[in-house]
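Subject: Structure handover

Hello,

Here is the structure you asked about. My notes on its aromatic residues and nonpolar cores follow below.

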Amino acid sequence: MTASMKTNLRLVFSFSDRLLYVFFLAYLLVPLMIFFFGWLKIGFAVLFTIVVIASAILFMLSIPATQYILQKQQSFQIIAIVLIMFVWVGLSGIGGIGLQSWDFHGRNAIFHDLISHTWPVHYDYGGYPQMDFLFGNRASLVYYFNFFLPAALIGKLLGWHWANVALLAWSFLGL
């Protein structure tokens with residue numbers, strides 16, 4: 001048996017780092033494009049989406065690709081790390097699976113409003129004099145909620161339970 005045959009037996013798979021760049025860009029740009037179509041007029045949403053996608057393509061064309069070859073031991077290490085990450089995210093409270101700290105109350109309310117209200121999210125305080133005094137008769141949700149948008153879109157289509165499953169998956173992918 002030759003040395004190259006031994007190497008091929010240990011080879012599990014190879015991939016290009018372009019795959020990582022595509023994943024990275026998609027993870028950042030999908031929520032942005034959801035925001036464009038949920039908060040902007042359709043003409044601006046289409047224009048900005050075209051600009052963002054064209055910029056991503058130009059970026060991808062400007063970087064050299066590197067090929068990685070993972071051996072069997074490295075593949076097992078990656079699988080172990082991925083399993084640890086999955087447990088970590090599951091225990092973090094995201095998606096309602098693990099224990100949630102006090103900070104989740106506000107985040108869950110924002111997430112719920114992104115699912116149950118039309119986009120952009122507005123609140124009507126006309127019937128509440130205390131709120132009218134503080135905010136006026138209308139207010140908008142202004143928060144750094146871009147992270148929640150892919151899962152909130154799933155929630156709009158399939159409901160609260162699936163939104164939480166999607167948020168857990170989205171968080172895991174980000175990690």
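F35, W39, W119 and F145 make up one aromatic cluster; rings of Phe, Tyr and Trp (its six-membered ring) pair if their centres lie within 6.5 Å, and planes under 30 degrees apart count as stacked, over 60 as edge-to-face and the rest as tilted. This is a predicted model, in which local features need pLDDT of at least 70 and side-chain atom pairs count only at pLDDT 80 or more, while totals for chains, interfaces and linings use all residues. Residues are numbered from 1 along each chain as its sequence is written, and side-chain values use heavy atoms, with hydrogens and water left out.

W119 touches I34, G38, W39, L114, L149, A152, L153 and K156, leaving aside residues up to four places away in sequence (contact means heavy atoms within 4.5 Å).

W119 and F145 also belong to the residues with the most contacts inside the largest nonpolar core, which has 20 residues. Such a core is a set of buried (under 20% relative accessible area) Ala, Val, Leu, Ile, Met, Phe, Trp, Tyr and Cys residues joined through side-chain atoms within 4.5 Å. Helices α2 (17-39), α5 (103-116), α7 (149-158) and α8 (160-174) each supply at least two residues of this core (helices are DSSP runs of H or I, at least four residues, numbered from the N terminus). The most comes from α5, with four residues. A second, separate core of nine residues includes L25, A45, M60 and I63.

Across the whole structure, a search finds 13 aromatic pairs. In one of them, the ring centres of F44 and F48 are 6.1 Å apart and the planes are at 35°, so this pair is tilted.

Regards

Conventions. Buried < 20%, exposed > 50% of the residue type's maximum accessible area, 1.4 Å probe, protein only.
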